[in-house]
Amino acid sequence: MRIDIITIFPEMFDGPFTASIIKRAIEKKHVEINLHNLRDYSTDKHKKVDDYAFAGGAGMVMQIEPVDRCISALKAECQYDEVIYMSPDGLLLDQSLSNKISLKQNLILLCGHYKGIDERIREHLVSLEISIGNYVLSGGELAAAVLTDSIVRLIPGVLNDETSALSDSYQHGLVSPPTYTRPRSYKGWEVPEILLSGNEAKIEVWKLDQAMERTARRRPELYDKLKKK
Ligand code: SAH
């Protein structure tokens, strides 16, 4: 998979992409992530990429020309499955959307700033808009990093134990059952006896019960959907 991220703050990705699973996925060439500084595509002598909104209103708006120039330059060398704009009013990211996107080959992620971007970018240059939640961030970078993490960990071979992504919360419409590790007893707080029993069949039933019970309590809307299936 190849992910090209268009941003005015490439340094914001230093943290999320230089540690842990994403770092390893890049090293093992499961994913190639390229950061593109939008200012490099500005024709303005001060590398400006924003301007005042027509008809006033508070805040600056990202201009179409540098974005168009950047996307065109990328498209000249690669075929993209989607050009995704990170947007607070986009499609809400959930596990099933991450699963779908993880099957794609080449993606462009566009990070907005200020008051947002010129609407014509969304109309003519973007193929998909994704929100990571119903709240507003200062820029699209953190959202792009969240989206990238959620899809890269699904690429086969990225996680050591491939089944571990499949057994995560949401993959089967359920949240995960609780997990425990040593010591068996801590300050008198005990690990459930069943997990120490060695009876694999019973343990599987227990885990499923726990996952169902948790989903019903914490994500009732998911549980209702599951019951209707
Ligand atoms: N004025 C806009 C908000 C702009 S926030 C509005 O009211 O809708 C600035 C940028 O941050 C956006 O262009 C977008 O790229 C990013 N952003 C903010 N919140 C986001 C969210 N929940 N999910 C994805 N991207 C978000």
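## Two domains

The centres of domain 1 and domain 2 lie 37 Å apart, taken over C-alpha atoms. This is a predicted model. Domain 1 covers residues 2–152. Domain 2 covers residues 169–228.

One pair of residues gives a sense of the distances in the model. Leu38 and Ala216 are 178 residues apart in sequence. Their C-alpha atoms are 45 Å apart in space. Ala216 sits in helix H8, residues 200–218. Its relative accessibility is 31%, so Ala216 counts as partly exposed.

## The five-stranded sheet

Five strands build an open sheet. Their order is E2-E1-E6-E5-E7, and the pairing is parallel. E2 and E7 stand at the edges. Each has a single partner strand, so one side of each has no neighbour in the sheet. Neighbouring strands are turned by 30° against each other on average, direction ignored.

Strands of a sheet pair through backbone hydrogen bonds, either parallel or antiparallel. Here, E5 and E7 run parallel and are joined by five bridges. In this pairing, Ile84 stands opposite Leu128 in E7.

## Strand E1

E1 spans residues 2–7. It pairs with two strands. Six bridges join E1 to E2, residues 32–37, and the two run parallel. Five bridges join E1 to E6, again in parallel. Ile5 has a bridge partner in each: Leu35 in E2 and Leu109 in E6.

How many of the residues of E1 are buried? Six of its six residues are, and the strand is mostly covered. Arg2, Asp4 and Ile6 point one way from E1. Ile3, Ile5 and Thr7 point the other way. Both groups are buried.

The largest nonpolar core has 27 residues. Those with the most contacts inside it are Ile3, Ile5, Val31, Ile84, Ile101, Ile130 and Leu147. The strands that give two or more residues are E1, E5 (82–92), E6 (106–111) and E7 (128–131). The helices that do so are H2 (20–27), H4 (95–102) and H6 (141–152). H6 gives the most, with six residues.

## Helices H4 and H6

Two packed helices are described by the angle between their axes and the distance between the axes. H4 and H6 pack at an angle of about 70°. Their axes are 8 Å apart. Angles of 65 to 115 degrees count as roughly perpendicular, and H4 and H6 are therefore roughly perpendicular to each other.

Which residues of H4 meet H6? They are Ser98, Ile101 and Ser102. On the H6 side, the partners are Leu147, Ser150 and Ile151. Ile101 and Leu147 are also among the residues with the most contacts inside the largest core.

## Around Met62

Met62 lies in strand E4, residues 60–62. Is Met62 buried or exposed? Its relative accessibility is 1%, so Met62 counts as buried.

Met62 and Ile117 are 55 residues apart along the chain, yet their C-alpha atoms are separated by 4.4 Å. Ile117 is also one of the contacts of Met62 when neighbours within four places in sequence are left aside. Other contacts of Met62 include Leu38, Val49, Asp50, Cys111, Tyr114 and Ile121.

## Backbone details in the loops

Tyr114, a contact of Met62, lies in the loop between E6 and helix H5 (119–124). Its phi is near 55°, a positive value in a residue other than glycine. Tyr114 has a relative accessible area of 37% and is partly exposed.

Tyr170 also has a positive phi, near 80°. Tyr170 is found in the loop between H7 and E8. It is partly exposed, with a relative accessible area of 36%.

Pro183 lies in the loop between H7 (163–166) and E8 (185–186). The peptide bond from Arg182 to Pro183 is cis, with omega near 5°.

How values were computed: Residues are numbered from 1 along each chain as its sequence is written. This is a predicted model: local features need pLDDT of at least 70, side-chain atom pairs count only at pLDDT 80 or more; totals for chains, interfaces and linings use all residues. Side-chain values use heavy atoms; hydrogens and water are left out. Domain bounds come from an automatic or database domain assignment. A nonpolar core is a set of buried Ala, Val, Leu, Ile, Met, Phe, Trp, Tyr and Cys residues joined through side-chain atoms within 4.5 Å. Buried means under 20% relative accessible area, exposed over 50%, partly exposed in between (1.4 Å probe, protein chains only). Helices (H or I, at least four residues) and strands (E, at least two) are DSSP runs, numbered from the N terminus. Contact means heavy atoms within 4.5 Å. Two strands pair if DSSP finds at least two bridges between them. Axes are lines fitted to C-alpha atoms, for helices over the stretch in contact, and angles run from 0 to 180 degrees between N-to-C directions. Angles under 35 degrees count as roughly parallel, over 145 as roughly antiparallel, 65 to 115 as roughly perpendicular and the rest as oblique.
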